[in-house]
Structures are given as structure tokens and as C-alpha cells.
Amino acid sequence: MNSLTHVDFNLTILEEEVCARDIVEKNINELSASGKDDAFYVADLGDVVKKHLHWTRALPRVQPFYAVKCNPSRVVVMALATLGVGFDCASKSEIQLVQSVGVEPGRIIYAHTCKQPSHLQYALEHGITMMTFDNEAELEKIAHCHGHAKLVLRIITDDSKSLVRLSNKFGAPLKKSRVLLERASELGLEVVGVSFHVGSGCTDPQAYAHALSDARYVFDLGAELGYNMNLLDIGGGFPGKEHTKLKFEEYTAVINPALEKYFPVNSGVKIIAEPGRYYVASAFTLAANIIAKNVVMQEQSASDENGIGTSDRTLMYYVNDGIHGSFHCSFTDGSPALQSLVKRPKQDELWHPSSIWGHTCDGHDCIVERTLLPELQIGDWLLFENWGAYSVAAYSGFNGFQRPDTYYVVSRVAWQYLQQVHGQGMPVSMQG
Ligand SMILES: *Cc1c(COP(=O)(O)O)cnc(C)c1O
């Protein structure tokens, strides 16, 4: 069985009073001193632990299955496995990653409704039976594999208020659920429940209430058709950044009563979810280095909105990450808030209209189109906090630029907690 100490990764246990941000600055000093300038992440596993404990308090009836695609960091997967979290996988290699840290098949849901046949075969051969579907061809494909699958019917949701819509591609309309359940029955397949996803980055907690009501309808339909459904999967969509407009509690305040209404405890239905962003967004900070700079003179002096000063110059900064890497998600999530500069600006410093560009030769590779910054120099560092969701995961290697390294940190307390929970049926041993 693997343990966090046996893999090749940088983990620093933080003693009291030291925080992840201190490690970011320490790294920057060390890199700069040795003439290095590659972008890097610092990931705080303590933040992941905190998120998990928060989840268990706020959604006590819902067992989380982490959506691996959101950030497939092996260390994060190991920490979550140790915490007893299950996993939502969508491909053979995601399944293999989770298996490689010792997670048993019962803690994996294959939550892709359109599975590559050879990956499906792999899953069934390895005892991964819980899987979603939303169409007839998929049912036929699964029946053809002759494995024993426990199927979950994914239904469409109203995802109009989410950053990333999913129901345009996945999910069956309610009016199709009868036909699908009948077809599954004809094929001798077992349907054990219903799933949905309200869209990633959901900004309307009511979307969960509507989806839960629809799920109840399908459960009743299933009962009418002779199914004994006992699994409800409420998907992802939960916020993961710090200081979001809507707090996690505003979602759980809708979800918990709706669960009580449609799926009360005595219904015996097991409830799971597939959070991605929730677990990893706030744990990761990206530090990128300014590798080039261009000063563009304005014809007229541009006045600045904050009244910090005026400038007749616009500055273009080029940093060593971009939209073909960690900022791929800005297509959907919007451009990142640049949370901090490592170098503190002087009090009366002039701020300039500025833009931040990625390092590839792609003209679209712009990270922040317009912001105000004090004048920065080549070699200065920019920090993007809350940058763990759909960031490293989407690195493409375009133009030959490499994925940034990640340095992991964990507070002493969180580390002790991980060691303490290990062994309670958890696969990962985590000796310091
Ligand atoms: C992407 C995805 C998730 C995770 O969504 P978040 O909004 O990041 O929580 C969960 N389930 C499925 C099927 C997904 O495609």
C-alpha cells in the first residue's frame, strides 16, 4: 500500500505561526537566489482537511466522491483517500490513479455518461460497478460488456446560473426517463439510482432543490417500473474559493431541507455527491514570474478609476503561465483576481493601467486584460490565490512550456489529524 512518504513530492510540515504564504515567499527567495524563475504552486493540504471537516458538519448525510478531473494531484488524492472520501472518475487513467493509492472499487463512481468502451471494460473488470448513463446507446454498450453494473441515471438540470454548463451535453430529460428505465430492464441491467449536476460554479442554490424534486420523480417512476433504487448522487457545483459571494452554508441551507423533504432518512436512500472545486480551489496558490514587459505610450493620459494616480503609459506584463496552462479555466471562470504582489508597493507609488499575458505565442493568451498595478519589473512575482480548481489539471504543454511544480505544505495539527484517521479503514499511511 502506498503512503504519502513513499512518493516523490515536496511536503513541508508547518510549525505554529508559519502559513502557506510564508512558504510561497521562502520559495521565491530561494529560487531567485539560485537564478531560477519557473512558476510554481504551493498547495496547503491542511486547507483540504479543513474543507472535508466542514463538509461532514454541513452536509452530514452526503458522502463526498471527489471529482478527480478538477485537480488530479496524486498527493491531494492520497490525502482525500485517507480522509475516507470516495472518487468520481471519468477515464481509465483517473481510475488507475485512484486505484494506485489503494482505494477500493466500492469507493469509485465512474461518473461519465459517455464512456470509452475499452475504459468501460477496464472498470468492470476491476470491480468498479457504480456508473452513470443518460442514453440508450450507453445502456447497450454496458450490456454488451457483460459486467455487473449498478447504474445511475443522470438527469438534466437547470444549469443556466452556473459558470460551466453541463446539461447541454449530459443528462436525460425527465420525459425520457421512463423509456430509459424500460430499456435498461429489457437489457437485464440494474438501475440503482439517479444523479445530476447543476453545473460547475453554480450561483443559484435553488438549482439543487429543483433537481432533487426531479430526482424524486424518477425514483417514484423507478418504483412503478419495479426498480428498487437506493442511491442518489447530487453531483458537484459547490463553491471552493475563499470569500465567495455565496457561502457553502447557503447551498447546504437549501440542500438539507430538500433532502429531508424528498429523501428523508427513513427512505433508506444513500446520498453521495461529486465535489471538485469545493475541495481544492482555495488550497492552491500559483506564483508566476514576470518574464517580459512592454511599455506602451498612450496618446492621452489615462486617468485611473481608483484615483491612485494617473499615467500616460500602459504596461504589458508577460508571465510564465497562461491560458494553455493554469489559466485555461479563465474561459469559463472569468479572469483571475490577481490577489497579491510579492513586492509591496510604496505608499505614493503611481499605478498604471496594465495587462497580464501568458507565455505562449498565442495572441489570445491573455490572463488579465486590464488592471491597475504599480510598475513591476522583469523577475518580479505575481500570486494567484484560490487557484486549485481546473488549473494544473488543464495544462497542455503547448509551445513546450512545462507544468509548474507543486510544493505541498500541511500544518502540524492537520498532519496529526491525517495520521489519526489513517487506519480507520483508510488506505494511505501518512507518517511524518
Ligand atoms: C466536473 C464534474 C464534477 C465536479 O464539479 P465541481 O463543480 O467542480 O464540483 C462532478 N461530477 C461530474 C460528472 C463532473 O463532470
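**Exercise 1.** Find the volume of the largest cavity, and determine which residues line it and how they divide by class.

*Solution.* Begin with the volume, which is about 40 Å³ for the largest cavity, where a cavity is a set of points, on a 1 Å grid over the protein atoms alone, at which a 1.4 Å probe fits but cannot get out, and where a volume is the space filled by probe spheres set on the points, joined across faces, edges and corners. The model is a predicted one, in which local features need pLDDT of at least 70 and side-chain atom pairs count only at pLDDT 80 or more, while totals for chains, interfaces and linings use all residues. Residues are numbered from 1 along each chain as its sequence is written, and side-chain values use heavy atoms, with hydrogens and water left out.

Next, list the lining, meaning residues with an atom within 4 Å of a point: His324, Gly325, His359, Thr360, Tyr395, Ser396, Gly397, Phe398 and Phe401. Finally, sort them by class, counting Ala, Val, Leu, Ile, Met, Phe, Trp, Tyr, Cys and Pro as nonpolar, Asp, Glu, Lys and Arg as charged, and the others, Gly among them, as polar; the lining then has 3 nonpolar, 6 polar and no charged residues.

**Exercise 2.** Describe the surroundings of the ligand, beginning with the residues around the ligand and ending with its polar side-chain neighbours.

*Solution.* First, count the residues with a heavy atom within 4 Å of the ligand: there are 15, and the closest are Lys69, Ser200, Glu274, Gly276 and Tyr390. By class, this shell has 4 nonpolar, 6 polar and 5 charged residues.

How values were computed: On a 1 Å grid over the protein atoms alone, a cavity is a set of points where a 1.4 Å probe fits but cannot get out, and a pocket is an open set with protein on both sides within 12 Å along at least five of seven lines; lining residues have an atom within 4 Å of a point.
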